[in-house]
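Please find below some notes on the model.

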Amino acid sequence: MDAQSLAARLKTSGLLRSQGLIGGKWVDAYDGKTVKVHNPATGEVITEVPCMGSRETKDAISSANDAFQSWSKVTAAERSRHLRKWYDLLISHKEELGQLITLEQGKPLKEAIGEVGYGASFIEFFSEEAKRVYGDIIPAPLADRRLFVLKQPVGVVGAITPWNFPLAMITRKVGPALACGCTVVIKPSELTPLTALAAAELSLQAGIPPGAVNVVMGKASDIGDSLLESSQVRKITFTGSTAVGKKLMAGAAATVKKLSLELGGNAPCIVFDDADVDVAVKGTLAAKFRNSGQTCVCANRVIVQEGIYERFATAFSKAVQNLQVGDGFSEGITQGPLINEAALHKVESFVEDAISKGAKILLGGRRHSLGRTFYEPTVMGDVKSDMLISREEVFGPVAPLLRFRTEEEAIHMANDTNAGLAAYIFTSNVQRTWRVTEALEYGLVGVNEGIVSTEVAPFGGVKQSGLGREGSKYGIDEYLELKYVCLGNMEH
Ligand code: ADP
């Protein structure tokens, strides 16, 4: 089935929505303006969504604030049941949600359906965690006192998300927020709002009360500013670029909001001489080329020890050559298009910069013959630390290989960046594993493994890669306040 008829079918089924969601009502922009949503594989317009701004955002905040009054007071068991129902609905619509993701984001359908499973897992996990938000009783220093700690939801949360995981970046935030009694105003990327809207529709079907989940999209900075300015919004949770994250951090100061930031990475993937080459190739391939290199945990620098460099480069290039590029709806495709022209230009300019400074193309290095924003899976050798591609995230299907001699040199190269999200190492030496993982200034480390994200583990970065953690038992703390209560005069 072609993409256009698929979109028509999703519209009929009620999952492809073209309006924002405020207080449980589907609404257009108040001035009627829209933005087009494109299929990046074909350039076709899938639909138009409202181009909203500050007025709609203020109403969404107000709805979320109203809903908070009751949602924060229902029992944890009730919130848990609603989240579980939402999870069940996400899973029972796995295929259609996957199709929506491929339509608006471009990733291969199999990978998109995988994202639905991963995205939904946060709702399942936090439906369970909802029941485990325990407080504390503290032994009192005075006999006539009792001290305890209550955990309470922070309040209305503004959740701003990017286009690379149209579902999972939302559920990872909204799951823990709703679980502990917060309500949310979601601002998905304008490039991929449809999956967010479908997920919101399913949240209503799950019985999550109107106003607990709101979705606005359109003028990013107007929406962002309204969320920042509002004193009802008590927390901003953001995944996206470091530049926008810094703006939000500065903006949040005016109302002293809680903040979680998942920003850009510059992941090193270190292959030691003692690595198993097959394991290193498989892991690096997965860490680099998932979502065509468009994730913040994608390997950005493949740092290879000189003794294994040639063998690794040959085996890795061979594996990369087997990747199938094309429309995500076609059978057997592993690499979809880049999200847009700007992404393509960034990749091209990074590759040109590296070549001009002495890097060698081992494979690819050009736009793909399919045209549009398709780029050939690329491997580059003789890359150096001062090249643009080593300094910044390429966010595309280009693997730069850098050479190193000693373990100390590898650690130095890996840490020589302001980013600190994910790192990967490939080695069969246990002592080295401990030494290097302890020395890496990163929030996540994959050892002999290229795919490490899971709802049960804390995800987040250090240095300029962000603040806070998402997923796992730690993730819910980001949406809770501690209240210390001192009960005195016990002896009367
Ligand atoms: P990316 O390069 O991954 O698109 P961005 O940081 O530009 O990263 O976008 C991530 C999210 O932040 C998107 O939803 C985008 O619309 C939003 N965004 C961009 N600029 C602002 C802003 N000034 N205020 C609030 N949100 C913004």
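1. A disulfide is taken here as a pair of cysteine sulfur atoms within 2.5 Å. The search of the whole structure returns zero disulfides. Cys180 is in no disulfide, and the nearest cysteine sulfur, that of Cys182, is 4.2 Å away. Cys182 is likewise in no disulfide, its nearest cysteine sulfur being that of Cys180.

2. This is a predicted model, in which local features need pLDDT of at least 70 and side-chain atom pairs count only at pLDDT 80 or more, while totals for chains, interfaces and linings use all residues. Residues are numbered from 1 along each chain as its sequence is written, and side-chain values use heavy atoms, with hydrogens and water left out.

3. Buried means under 20% relative accessible area, exposed over 50%, and partly exposed in between (1.4 Å probe, protein chains only). Cys180 is buried at 4% relative accessibility, and Cys182 is buried at 0%.

4. Gln335 lies in the loop between helix H11 (306-321) and helix H12 (341-356); helices are DSSP runs (H or I, at least four residues) and strands are E runs of at least two, numbered from the N terminus. Gln335 is buried, with a relative accessible area of 3%. Its side chain reaches the backbone oxygen of Phe289 at 2.9 Å. Contacts (heavy atoms within 4.5 Å) of Gln335, not counting residues up to four places away in sequence, include Phe289, Ser292, Pro108 and Pro397.

5. UniProt, in an unreviewed entry, lists residues 26-485 as "domain: Aldehyde dehydrogenase"; such annotations may be inferred rather than shown by experiment. The span is 40% helix and 20% strand, with its end C-alpha atoms 42 Å apart.

Note on methods:
A polar contact is a pair of N or O atoms within 3.5 Å; within protein, one must be able to donate a hydrogen and the other to accept it, and residues adjacent in sequence count only if both atoms are side-chain atoms.
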